[in-house]
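This report goes through selected computed features of one chain. Please look at the sequence and the coordinates first.

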Amino acid sequence: MAAMHHDTTPDLKVVGNKLKDTLEISNTSLKMRKIVVELCDIVATRGARLAAAGILGILKKLGRDTVKVGEKQKSVIALDGGLYEHYTKFRECLESTLKELLGEEAAETIVIEHANDGSGIGAALLAASHSQYLGVEES
C-alpha cells in the first residue's frame, strides 16, 4: 500500500504493477489506479488517526496530555515497525493528528522517535518489570 501511495509516475505504473502482482488484477485503467491511490489515502489516514487516538489515551492515563505550570518535562514516544518507518503519509498523519488532539502547547512536550527493535526492547522491559513485580509480591 505504501508503495502504491508513494507512486509518482504519471501513469501510476507502480500501482498497476502492485495490483497485477499482488492481487492478480491486470489491464487497469489510469482512472482505476487513481481510485486505488485515493483508497490508500483513506485507509492510511484512518489508521494513523486511530493510532494517534490510542497514543493520546495512553498519554492521558499517564497524565502527560497537558502542560503543568513550571514543568518542562518532555515525553518520548518510541514507535517501531515498517509502517511508521517507511510509510511517510501514515507517519505524517499520525504526528499531525496527535498534535491536533493534544493542542499546540502540549504537543511541544511530545517527541515521537523511531525505535529499532522496539519489540525486543519492549519484551525485555516487560519481563524485567514482571520479575520485579513477582519479587514484591513474594515479600
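## Basis

The model is predicted: local features need pLDDT of at least 70, side-chain atom pairs count only at pLDDT 80 or more, and totals for chains, interfaces and linings use all residues. Residues are numbered from 1 along each chain as its sequence is written, and side-chain values use heavy atoms, with hydrogens and water left out.

## Nonpolar core

The largest nonpolar core contains 26 residues. Such a core is a set of buried Ala, Val, Leu, Ile, Met, Phe, Trp, Tyr and Cys residues joined through side-chain atoms within 4.5 Å. Buried means under 20% relative accessible area, exposed means over 50%, and partly exposed lies in between (1.4 Å probe, protein chains only). Ile 77, Leu 94, Leu 98, Leu 102 and Ile 112 have the most contacts inside this core. At least two of its residues come from each of H2, H3, strand S1 (75–79), helix H5 (88–102), helix H6 (104–107) and strand S2 (110–114). H3 gives the largest share, nine residues. Helices (H or I, at least four residues) and strands (E, at least two) are DSSP runs, numbered from the N terminus.

Leu 98 is in contact with Ala 52, Ile 55, Leu 56, Leu 59, Ile 77, Ile 110 and Ile 112, leaving aside neighbours within four places in sequence. Contact here means heavy atoms within 4.5 Å.

## Two loop residues

Thr 28 sits in the loop between helix H2 (13–23) and helix H3 (30–62). Its relative accessible area is 14%, so Thr 28 is buried. Beyond neighbours within four places in sequence, Thr 28 is in contact with Gly 16, Leu 19 and Arg 33.

Asn 116 lies in the loop between S2 and helix H7 (118–138). This residue counts as exposed because its relative accessibility is 55%. Not counting residues up to four places away in sequence, Asn 116 touches Asp 80 and Ile 121. The C-alpha atoms of Asn 116 and Glu 85 are separated by 9.4 Å, with the two residues 31 apart along the chain.

## Rings and cysteines

Arg 91 lies over the face of Tyr 84, at 6.0 Å from the ring centre. The criterion is NZ of Lys or CZ of Arg within 6 Å of the ring centre and within 35 degrees of the ring normal.

The count of disulfides (cysteine sulfur atoms within 2.5 Å) is zero. Cys 40 is buried at 4% relative accessibility, and Cys 93 is buried at 11%.
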